[in-house]
Amino acid sequence: MREYKGDRTTGFESPARDYIEPVIDLAVALDLRRPHTYPVRVTGQALRGRGIHDGDVLVVNAASEPVAGRVCVAIVDAEVLLATLHFKDAQWWLHHSELKSRLVEGDVEIWAIVEALVRFDV
Amino acid sequence: MFALIDANSFYCSCERAFDPRLRGKPVVVLSNNDGCAIARTHEAKDLGIKMGEPWHLIKGRPELRHVIAKSSNYALYADMSRRIYEILVGFGEEVEPYSIDEMFIDATSITDRGAFGVALRRTVLRATKIPCCVGFGPTKTIAKLANRLAKADRHGSGVCDLSRPAHRRERYPTIDVGEVWGIGPAAERKLQKLGVKSVADFVAMPESVVRDLLTVTGLRTVSELKGIGCLSLSTQPAPKKSLAVTRSFGQAVTLRAILEDAVCSYATRAAERLRDHRLIAGAMQIFVTTNQFAKKDLQYVNSITVSIEPSNDTFILAGAALRALEALWRDGYRYSKAGVILLDLEAQGETYASLLPSRDPEKSADLMEALDVINGRYGRLTLRPASIAARAGWAMRRGNLSPSYTTRLSDILRARS
């Protein structure tokens, strides 16, 4: 049982046999194998304004530097949240739908920066 | 020059990376079947939990009521180990993945070791959330010792460099000889009887005494501690001589069909690992045992070794395992563990597999390839010999298993918007 890729035909020899290219690999396109890349599932609709819906899969970069205005995965009060990054008075702040602005320090941590999004049920 | 980078409480740190509720709390990770504590955060060590302690014997202690015990999630730990390895390779030096949580790096071309160590730690921590320590030394044994020192100093920089002889002369008298890589508890007791307590005492011993006490392995350790390298960086695992798949059952097995099921699945897994290493096996040992800690139970331990047709075909190995089990099975016992150990391993294709193969070798190879592809994509045992049940009564007990955050789409980390 070998996979047929348009090459090994039984009757007429396939004219495409020397031109076979692999299926597009979204794991490569989204850089999922890089050591700092993780997939994260969204819960909640509070970021619909940013185009981020409940159930979306985000591709996040844990090694990336914070950038003002970007959405990040953050650890706040021992919970994993999606928050928007702001830079004010030489410090990073997190904005989240249910919280007042929180300063990034101590137990408040930027876990990763959101870089891409996959939506299944469009 | 070597660097050894070693993750702190690796399994616990993997759990913490994705579950912020575990941060700052005492956490242990339990062995298969939720048996013993095999990884402990420093908070758990401070509560007196020892490495390898059976969890069911100690969990009732009042001071341990807040300890969080997780089942081992090897799918997660393997992927986090892969990430650490790839980060280290990204620094451009040769990397040897020595164990799931320790990697040696060839640091010969590194001039500023302190800065390199700090950069390694910071990069690994940011990308994986796993804290590590780094040790440097002119030999692997010294690098390993330096790593221990870095780890012992909880509030230090996490980096320790023992590359300078003067620095070693200063530190060796303060380090117990039992901290040295390769000096186990038995060797330590022997040395202490001779009054050898510190690493300095150990390296000052006459060679002949070391050889008599600890054989050439001990001599090698002394040379390494003196800065004379005996171990080089190896980026390939040593050729396997045997391959074992052994497990304790989630609950005692009393039915023959269920034991057959378990042994057949171990043989299936062993065959997969053989193919993964491109090896074939020429002999197989099967063993079964009852639980020796269950004093009331009748005890039975037995094993059998059989020659098999040299192969890595799941069906040949599973068939041989089942025939061997026929000779081992006795009615009336409560079996707690079984294992399949493959022996006489040789590289696939290097020998004549068999003059009279019972299965067409080409068809077998095609079928095994298809099996591995499908099981790789849809999960282990999706396709399996018909003798293995889909949900088995002997399967591992993993009561508090975390999600496979990085390897299963249904399990990935959730973040609330």
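**Entry 1**

The model is a predicted one, in which local features need pLDDT of at least 70, side-chain atom pairs count only at pLDDT 80 or more, and totals for chains, interfaces and linings use all residues. I number residues from 1 along each chain as its sequence is written, with chains lettered from A and ligands numbered from 1 in the order in which they are written.

Strand β5 (residues 91-96) of chain A pairs with β6(A) in the antiparallel sense over three bridges. I take helices (H or I, at least four residues) and strands (E, at least two) as DSSP runs, numbered from the N terminus. Two strands pair if DSSP finds at least two bridges between them. A hairpin through two residues joins β5(A) to β6(A). For burial I count other C-beta atoms, placed from the backbone, within 10 Å of a residue's own: 20 or more is buried, 12 or fewer is exposed, and in between is partly exposed.

**Entry 2: Asp121(A)**

I placed Asp121(A) in the segment after β7 (109-118) of chain A. Asp121(A) is exposed because 6 other C-beta atoms lie within 10 Å. From Asp121(A) to Gly55(A) I noted 66 residues in sequence and 8.9 Å in space, C-alpha to C-alpha.

**Entry 3: chain A against chain B**

I noted 24 residues of chain A in contact with 17 residues of chain B; contact means C-beta atoms, placed from the backbone, within 7 Å. On the side of chain A that touches chain B, β1 (37-43), β3 (71-76) and β4 (79-88) of chain A each supply at least two residues. The largest share of that side, six residues, comes from β1(A). By class, that side of chain A has 17 nonpolar, five polar and two charged residues. Here Ala, Val, Leu, Ile, Met, Phe, Trp, Tyr, Cys and Pro count as nonpolar, Asp, Glu, Lys and Arg as charged, and the others, Gly among them, as polar.

I also followed β1(A) across to chain B: four bridges join β1(A) to strand β14 (residues 413-416) of chain B, and the two run parallel. Val42(A) has Ala415(B) as its bridge partner in β14(B).

**Entry 4: a sheet in chain B**

Five strands of chain B form an open sheet in the order β5-β6-β1-β7-β8, with mixed pairing. The edge strands are β5 (95-99) and β8 of chain B, each pairing on one side only. Within the sheet, strand β1 (residues 2-7) and strand β7 (residues 132-137) of chain B pair in the antiparallel sense over six bridges. I checked Ala3(B), and its bridge partner in β7(B) is Phe136(B).

**Entry 5: around α6 of chain B**

His155(B) lies in the loop between α6 (140-152) and β8 (159-161) of chain B. His155(B) counts as exposed because it has 5 C-beta neighbours inside 10 Å.

Lys140(B), Thr141(B) and Ile142(B) in α6(B) meet Thr221(B), Glu224(B) and Leu225(B) in α10(B). I noted two nonpolar, two polar and two charged residues in this contact of α6(B) with α10(B).

How values were computed:
Contact = placed C-beta atoms within 7 Å.
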